[in-house]
Amino acid sequence: MTDQPLRLVHYLNQFFGGIGGEEQADVGVSTRDGAVGPGLPLQRALGGRATVVATVIGGDNYFNTHLDAARAAVVEAVGRLKPDVVVAGPAFNAGRYGVACAEACLAVEAALDVPTVASMYADNPAVAIYRRRLYITPSGEHASSLAAALPPLANLAVRRGQRAELGPAREEGHLGRGIRRPVFVEQTGAERALAMLRAKLRGEPYVTEIPLVDYEVVPPAPPLADVCAARLAVVTTSGLVPMGNPDRLRRSYATEWKKYPLAGQERLAPGEYEVVHGGYEAQYANANPNYVLPLDALTELEREGAYRDLYPYFFTTAGVGTPTDVGERFGREIAAELQAAGVDGVVLTAT
Amino acid sequence: MITAMTTFAENVGASRIVAGTRIQNPCGHPALSREQDRALRRRIVQTALDALERPVEGPTVFRPERLVV
């Protein structure tokens with residue numbers, strides 16, 4: 001194992017790279033020798049473990065609107081420099097910068113097999129998109145938090161540059177990619193749970209083994225003034241699809257939702273639909289799809305004027321093993337279609 | 001939202017929750033006669049329509065009235 005410091009290339013945007021502010025966000029990709037801007041305190045945090053040999057700078061707008069060209073330019077610049085590791089950011093809460101950092105890292109890893117680390121605020125929109133594919137260390141929301149962001153970034157950059165086998169995210173100091181690796185430990189689960197409970201009762205610190213997701217509180221939508229005048233739509237997480245599952249919807253860990261025409265049917269006919277869902281006994285809904293998509297009742301009520309009309313498509317996915325951020329994306333995408341279609345209210349069936 | 005998992009739906013913050021029949025068949029019950037099953041399904045959907053018109057402050061469960069069998 002060599003004692004030479006690792007060679008590190010640092011990616012920054014036009015602002016932190018010293019080119020200019022928002023008015024320079026369209027600049028292309030350029031390279032400067034050594035450390036620039038935040039690269040200087042980064043070098044101090046790295047000490048003798050690594051040297052910032054060069055800084056690659058890209059405009060945030062350029063990167064986001066010329067993705068292929070920007071990625072290629074970064075790969076070309078980094079390829080010439082042959083570093084052991086590439087570090088991007090910190091991007092704090094700047095969304096375009098976060099995306100550029102993530103894309104720069106992904107491009108370098110794919111094209112050059114050089115390990116990378118990015119740094120940004122945990123709620124930067126880029127984190128939700130890229131966290132599973134990248135090592136991202138946390139920063140504060142604003143540039144004023146730079147100093148605190150650098151030690152975890154520097155430490156993980158060194159580990160990555162050494163191609164060390166990494167431990168849990170919490171120990172390595174990054175946000176976590178959502179990958180669970182089984183390990184053997186001395187104490188049984190019962191012993192560890194009791195130790196945790198004892199600490200909790202004594203007011204001593206303890207660390208959860210399973211962080212629970214904090215659900216976002218969504219305020220209720222205001223009520224419809226008059227449902228008789230409303231256009232409704234039906235959405236289901238029962239995994240109901242046309243027989244044969246023509247679009248190969250996944251039975252679990254859904255990655256997409258689908259939309260299918262109701263085509264003027266008065267009720268759903270058995271044999272024309274099936275359930276693809278790994279989480280519940282499907283035989284009842286297969287025998288009568290109206291159990292999970294109550295079209296017969298909806299048709300009857302529409303005829304009686306209980307509501308104005310039904311959007312002639314239904315939205316479906318299999319609601320099992322869906323990560324909340326993925327579900328959130330589904331909701332936003334479906335809502336956009338519903339709004340464009342003038343839908344006022346939704347009946348959503350969940351199994 | 002029509003679901004049999006009303007407690008879970010409340011915990012994750014769904015606003016208007018109509019108590020469905022069973023997880024496997026939230027809108028009706030295969031043990032009922034055809035007429036009763038359709039009447040139950042209609043009642044559940046009607047409850048959903050009513051819920052859309054009701055102001056709610058947070059997660060609220062609406063229970064369709066029991067049918068007299």
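**Ground rules.** I count two strands as paired if DSSP finds at least two bridges between them. Helices (H or I, at least four residues) and strands (E, at least two) are DSSP runs, numbered from the N terminus. I am working from a predicted model: local features need pLDDT of at least 70, side-chain atom pairs count only at pLDDT 80 or more, and totals for chains, interfaces and linings use all residues. Residues are numbered from 1 along each chain as its sequence is written, and chains are lettered from A and ligands numbered from 1 in the order in which they are written.

**Entry 1, the sheet in chain A.** I traced an open sheet of 6 strands in chain A, in the order β2-β3-β1-β4-β5-β6, with mixed pairing. Its edge strands are β2 (30-33) and β6 (136-139) of chain A, each pairing on one side only. From one strand to the next, the twist averages 25° (axes are lines fitted to C-alpha atoms, for helices over the stretch in contact, and angles run from 0 to 180 degrees between N-to-C directions).

I then looked at β4 (residues 85-88) and β5 (residues 116-121) of chain A, which pair in the parallel sense over 3 bridges. Here Val86(A) stands opposite Thr116(A) of β5(A).

Helix α4 (residues 95-112) of chain A packs on this sheet and touches β1 (6-13), β3 (50-58), β4 and β5 of chain A; contact is taken as C-beta atoms, placed from the backbone, within 7 Å. Its direction makes about 170° with that of β5(A). Helix α6 (residues 146-161) of chain A also packs on the sheet, touching β1, β3, β4, β5 and β6 of chain A, and makes about 160° with β5(A).

**Entry 2, where the chains meet.** I found 29 residues of chain A in contact with 27 residues of chain B. On the chain A side, α9 (283-287), α10 (295-303) and β12 (345-350) each supply at least two residues. That side divides into 22 nonpolar, 4 polar and 3 charged residues (Ala, Val, Leu, Ile, Met, Phe, Trp, Tyr, Cys and Pro count as nonpolar, Asp, Glu, Lys and Arg as charged, and the others, Gly among them, as polar).

I checked α10(A) against α2 (residues 34-52) of chain B: they pack at about 65°, with axes 9 Å apart. That makes the two helices roughly perpendicular (65 to 115 degrees; under 35 is roughly parallel, over 145 roughly antiparallel and the rest oblique). Among the residues meeting here are Asp296(A) and Glu300(A) from α10(A), and Arg38(B) and Arg41(B) from α2(B). This contact divides into 5 nonpolar, 1 polar and 5 charged residues.
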